[in-house]
There are 2 protein chains.
Amino acid sequence: MEVIPRKNIHDAAEGLRALAHDIRLSVLCHLLQGPMCVRELMEVTGASQSNLSQHLAKMRLMGVLVNEKRGQQVFYRIANPAFEQLIKALKAIYCPDNCR
Amino acid sequence: MEVIPRKNIHDAAEGLRALAHDIRLSVLCHLLQGPMCVRELMEVTGASQSNLSQHLAKMRLMGVLVNEKRGQQVFYRIANPAFEQLIKALKAIYCPDNCR
DNA sequence: TTGACGCATTATTATATTCTAATATAATTC
DNA sequence: GAATTATATTAGAATATAATAATGCGTCAA
């Protein structure tokens, strides 16, 4: 009946919390275009190294992102392609529709 | 280029915060089935009157819900039908897919 | 017009989140 | 192997969020 069953509400809310921050949401949006390393994410988000690293850690622990070390860099990507739909829905709500 | 433009990121993240709590997410899900009054929402969410009222106030201020007083009851409904897509996307991620 | 009901608001305390700064680690280059 | 680069981790202070309890306020019925 209800769209999200009671037993999944907690996980879903926790998932939302993993995205409910300017920096983390920005990271997710940029990663929709493909994997990026931390330094690149620093540039596009404007966050400090330490701060970004902590946000990335949270998103990793929450299962939103996965990472892979390549040489001395660490690349992050979105763990589940279904996040794209979530972002699209969010855009439909928060971007006055001829968004840009 | 990016799915949510920089200037809208803050509002979108704030919107996510408005939903990123068990009680608030539960409220939103139940309201997908139609408007409900506070007492009914108390029953379905299990929240205390005061606590629920505060969550409803937040969702109202954040533009997620609108309310309407009818006699001595206050009915709440979802402000924007586009939230349904958001919930569907969330379900796709957090409900192991033959959900229930 | 008093009492009960439905809801909102406020104050307080408890807890969680976020940021900055400092330090650590691992890979790379010289 | 010392310095440099890329990233992670920790500690601490600042701020935000959440819950409970108490009170307020409008509406209705008796």
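A residue counts as near a molecule or strand if one of its heavy atoms lies within 4 Å of it. In this predicted model, local features need pLDDT of at least 70 and side-chain atom pairs count only at pLDDT 80 or more, while totals for chains, interfaces and linings use all residues. Residues are numbered from 1 along each chain as its sequence is written, chains are lettered from A and ligands numbered from 1 in the order in which they are written, and side-chain values use heavy atoms, with hydrogens and water left out.

We can begin with the DNA. Of the atoms of DNA strand D within 4 Å of the protein, 59% belong to sugar or phosphate, and the rest belong to bases. Around DNA strand D there are 20 residues, the closest being Arg39(A), Gln72(A), Tyr76(A), Ser50(B) and His55(B). By class, this surface has four nonpolar, 13 polar and three charged residues; here Ala, Val, Leu, Ile, Met, Phe, Trp, Tyr, Cys and Pro count as nonpolar, Asp, Glu, Lys and Arg as charged, and the others, Gly among them, as polar.

A polar backbone atom of Arg39(A) lies 2.7 Å from a phosphate oxygen of DNA strand D. Two or more residues each come from helix H3 (38-45), helix H4 (49-61) and strand S3 (73-78) of chain A, together with helix H4 (49-61) of chain B. Among the elements, H4(B) gives the most to this surface, with five residues. Helices (H or I, at least four residues) and strands (E, at least two) are DSSP runs, numbered from the N terminus.

Turning to the strands of chain A, S2(A) (residues 65-70) and S3(A) run antiparallel and are joined by six bridges; strands pair if DSSP finds at least two bridges between them. Glu68(A) has Phe75(A) as its bridge partner in S3(A). Two residues separate the strands of this hairpin, in which Gly71(A) takes a positive phi near 65°.

In chain B, three strands form an open antiparallel sheet in the order S1-S3-S2. Strands S1 (36-37) and S2 (65-70) of chain B stand at the edges with a single partner strand each, so one side of each is left without a neighbour in the sheet. Two antiparallel bridges pair S1(B) with strand S3 (residues 73-78) of chain B, and Tyr76(B) in S3(B) is the bridge partner of Met36(B). Helix H2 (residues 22-31) of chain B packs on the sheet and touches S1, S2 and S3 of chain B, contact meaning heavy atoms within 4.5 Å. The direction of this helix makes about 85° with that of S3(B); axes are lines fitted to C-alpha atoms, for helices over the stretch in contact, and angles run from 0 to 180 degrees between N-to-C directions.

Definitions and conventions. A polar contact is a pair of N or O atoms within 3.5 Å; within protein, one must be able to donate a hydrogen and the other to accept it, and residues adjacent in sequence count only if both atoms are side-chain atoms.
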